[in-house]
Amino acid sequence: MYDIYDELGVKKLVNSAGTYTVVGGSKMSPEALEAMRQAAANHVSIREMQIAVHKKLAELTGNEAAVVTAGAIVGVYLSMAACVSRKFGKPLRYISKEDIASTEIIMFRAHRNPYDRGLELLGVKLVELGYPNNIDMITEEGLENAINDKTAGLLYLPSTNGGWVPPGALELDKTLAICKKYDVPVVVDAAAQLPPKKNLWYFTEELGAAAVCFSGGKDLKGPQTTGLMLGKKFLLDWVEVNNFPNYGIGRMHKVGREELAGIYVAVKQYVEHDEDARREYAENMVKTFVEAFGDDDVFRFERSYPNEAGQPLPRAKLIITKPGLSHETVCDMMLNLDRAIFSIVENGSLYVNPFCLNSEEAAYVLSVYKMINDKEKMR
Ligand SMILES: *Cc1c(COP(=O)(O)O)cnc(C)c1O
């Protein structure tokens, strides 16, 4: 059978790590792929298609408005640009460089991350508050004092269940209360904060954030090059003003009709999927790994919860009982197999994450761990 990866000589990977962008995030469903194929087969007015998809996505997720972006971080960029546009009451392309440069966006230092470089491109002044630790905690008064007539918005990174966000920021509810008082829109970067699916409306409708940005290609299983921005009309209308297909900064972040169709079907399936059944599937897979090894083995697995992004799903954590055998070595062994397995050593530990594994792949991953275990036991 024809295989594009074989033709290109690119190695296929069984993904036991999770929705990492470096291996393509997640796999799309046949239904979402079919929607993309159908979308590609005809011309339509892109603006008409956007309006239709955005309206349905807002309805599906219980939000006032939705915009499909070229990834979560493009959503962050465009939503921050929308905060600037809103402040000056015009599209970004009519606002002078100097005016943009003097406009302030607030972020807590604890929330700075390698994704937020996009804000520098926008040219705004980033005002950083607090420290990425527990000393001299930022207070409500501290935030209040940082807000002035140059402030256009605040970008917030939630850390549900831990995840990789350090302490040191003001809690989201307190941040929202202060910002509301001064009419400062708060945008939440929740790129990887799915599941639970209730986060699709929790940050915006329940807590009152102006917008929230998710990755389309992580747990939503949409096209890898999409993002989903959800939230309030007052801000998302400004996003649309600066966005593709209009000329301006959004034009650099084109989203085609195929991606619009793909993310729409993916989100429709996501809001309908059975979260309990999925949790049970993940728990059972973890249990199989835990029960597969005994006291005289080199390997042992423990249930670990929550996962690396703080999502409420378990992983199986590898414990190596044999001195001298490192997690990195095991990781490399698996990557060098003919049928390669992708995993990541994270803070000195290796995990099997059920997120992207179907039952056949999970059985294969387990058989590989067994094989390495048996070989190492004999040595
Ligand atoms: C993955 C991630 C991003 C980037 O998402 P894209 O959809 O690839 O743009 C941004 N922020 C956080 C917190 C992420 O986890």
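**View 1. The buried residues of helix α3 in the predicted model.** In α3, the buried residues are M49, Q50, V53, H54, L57, A58 and T61, and because their arc around the axis is only 155 degrees, they lie on the same side of the helix. An α-helix has 3.6 residues a turn, so residues three or four places apart point the same way. On the other side of α3, E48, K55 and E59 are exposed. The packing partners of the buried residues are β2 (65–69), α9 (199–206), β8 (227–231), α10 (233–242) and α11 (257–272).

**View 2. The span and the end of helix α3.** With 16 residues, 46–61, α3 reaches 22 Å from its first C-alpha to its last, which is close to the 22 Å expected at 1.5 Å a residue. The helix is followed by G62, where phi is positive, near 65 degrees.

**View 3. The contact between domain 1 and domain 2.** The domain assignment gives domain 1 as 4–22 + 275–378 and domain 2 as 43–272, and the centres of the two, taken over C-alpha atoms, are separated by 33 Å. To the contact, domain 1 gives 12 residues and domain 2 gives 15 residues. Between them the domains bury about 1100 Å², with 49% of this area on carbon and sulfur atoms; in domain 1, T19, E275 and A309 lose the most area to domain 2, together 37% of what that side buries. One salt bridge is counted between the two domains.

View 4. From C-alpha to C-alpha, Q38 and T103 are 43 Å apart in space and 65 residues apart in sequence.

Conventions:
Residues numbered from 1 in each chain as written. Predicted model: local features only at pLDDT ≥ 70, side-chain atom pairs only at ≥ 80, totals over all residues. Heavy atoms only, no water. Helix = DSSP H or I, 4+ residues; strand = E, 2+ residues; numbered from the N terminus. Expected span 1.5 Å × (residues − 1). Buried < 20%, exposed > 50% of the residue type's maximum accessible area, 1.4 Å probe, protein only. Arc of directions from axis to C-beta. Contact = heavy atoms within 4.5 Å. Domains from an automatic or database assignment. Buried area = accessible area lost by both parts, 1.4 Å probe. Salt bridge = Lys/Arg side-chain N within 4 Å of Asp/Glu carboxyl O.
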